[in-house]
Amino acid sequence: MEFLWQEGHTAHATAEEAEAETLRMLNVYADFCEQELAIPVVKGRKTDKEKFAGAAATYTIESLMHDGKALQSGTSHNFGDGFAKAFGIQYTGEDNELHYVHQTSWGMTTRLIGAIIMVHGDDAGLKLPPRIAPVQAVIIPIAQHKEGVIEKAEELTNLLSKKFRVKLDSSDKSPGWKFSEYEMKGVPVRIEIGPKDIENNQAVLVSRTTREKLFVSLDNIEEEVERLLVRVQQEMLDAALKNREEKTSVALSYDEFKEIVENKGGFVKAMWCGDTECENKIKEDTSATSRCMPFEQEQLSDKCVCCGKPAKKMVYWGKAY
Ligand SMILES: [Zn+2]
């Protein structure tokens, strides 16, 4: 029941500095998710009901899992000076007077490991983004009992391990078994090398995303592996983005909203009047919660999807983990 997390706290002289730091960290987290983990996120602000108790504002990045459920992937809070006033946290300003600080707090947890599994995995097993994969490429010798094959595979391993996280598997298991095993473990690139390849001064690269086979010359194999790792990383982000787009719907009426949450899942974009009452009703009726009020607002209609009163914000809704 335990999890690990990373958390930071800062204290600032002004409200503006605290707000800027809160948003800066949200962007650090968003970039980390998208660039390193290949998980696209929606950036936005939590409603008062969903924000951190006592915070002036909570910002969040929300991602969508393959099964259509939302996952809060990181949060950044602007505490304002509320906690400083409650606990007497002060600093001496340039005016030589005591002032209350403005605080921020932000964090991410190991639940992101779950997100990597649930966003990218497929029926063959894990799919790890190259930038974080513990093994980026596995080298599998073919017909390794034949003369020179193991030696060449070892030579290739030594060369590539200067630049990449590589592993040589020269165990007694059959190549087919090894292929499936490393697919299941999510290794982004497989490199096959056998007697015929050695004869042709080549190796075979296979991507975990497309399973396409590339025959590449051993003379520039470092560049080829690099290029393929970059491509796999991009393909994983593109696929996750496509999945999120396919599972994001717009609801203009409450019937439509309920129908989507029940039968399709995913994110539902809908207008909201700003009242907690409507949020509560939506949660009660559908078990979907407001994920965030995205920074990128759209005017879908001028009425709240729940009560029909004038709408203030477009909100992403969804069932969450
Ligand atoms: Zn309403």
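**Exercise 1.** Does Phe257 count as buried or exposed, and at what relative accessibility?

*Solution.* The structure is a predicted model, in which local features need pLDDT of at least 70, side-chain atom pairs count only at pLDDT 80 or more, and totals for chains, interfaces and linings use all residues. Residues are numbered from 1 along each chain as its sequence is written, and side-chain values use heavy atoms, with hydrogens and water left out.

Step 1. Buried means under 20% relative accessible area, exposed over 50%, and partly exposed in between (1.4 Å probe, protein chains only).
Step 2. Phe257 has 0% relative accessibility and therefore counts as buried.

**Exercise 2.** Describe the aromatic pair that Phe257 forms with Trp317.

*Solution.* Step 1. Rings of Phe, Tyr and Trp (its six-membered ring) pair if their centres lie within 6.5 Å; planes under 30 degrees apart count as stacked, over 60 as edge-to-face and the rest as tilted.
Step 2. Seven aromatic pairs are found in a search of the whole structure.
Step 3. In the pair of Phe257 and Trp317, the centres are 5.8 Å apart and the planes stand at 85°, an edge-to-face arrangement.
Step 4. Phe257 belongs to helix H8 (residues 254-263) and Trp317 to strand S16, so this pair links distant parts of the chain, 60 residues apart. Helices (H or I, at least four residues) and strands (E, at least two) are DSSP runs, numbered from the N terminus.
Step 5. Trp317 is also buried, at 0% relative accessibility.

**Exercise 3.** Identify the protein donors of the zinc ion and its geometry.

*Solution.* Step 1. Donors are N, O and S atoms within 2.8 Å of the metal (3.2 Å for Na, K and Ca); water is not among the atoms, so sites may look incomplete.
Step 2. The SG atoms of Cys273, Cys278, Cys304 and Cys307 lie 2.3 to 2.4 Å from the zinc ion.
Step 3. Four donors count as tetrahedral if all angles lie between 85 and 135 degrees; the angles here are 102 to 118°, and the site is tetrahedral.
Step 4. Along the chain, the donors follow the spacing C-x4-C-x25-C-x2-C.
Step 5. Cys278 lies in helix H9 (residues 276-286) and Cys307 in the loop between strand S15 (289-294) and strand S16 (313-318), so the pair ties together parts that are 29 residues apart in sequence.
Step 6. Cys278 is buried, with a relative accessible area of 6%, whereas Cys307 is partly exposed, at 34%.

Methods: Tetrahedral: all angles 85-135°; square planar, octahedral: opposite > 155°, others 65-115°.
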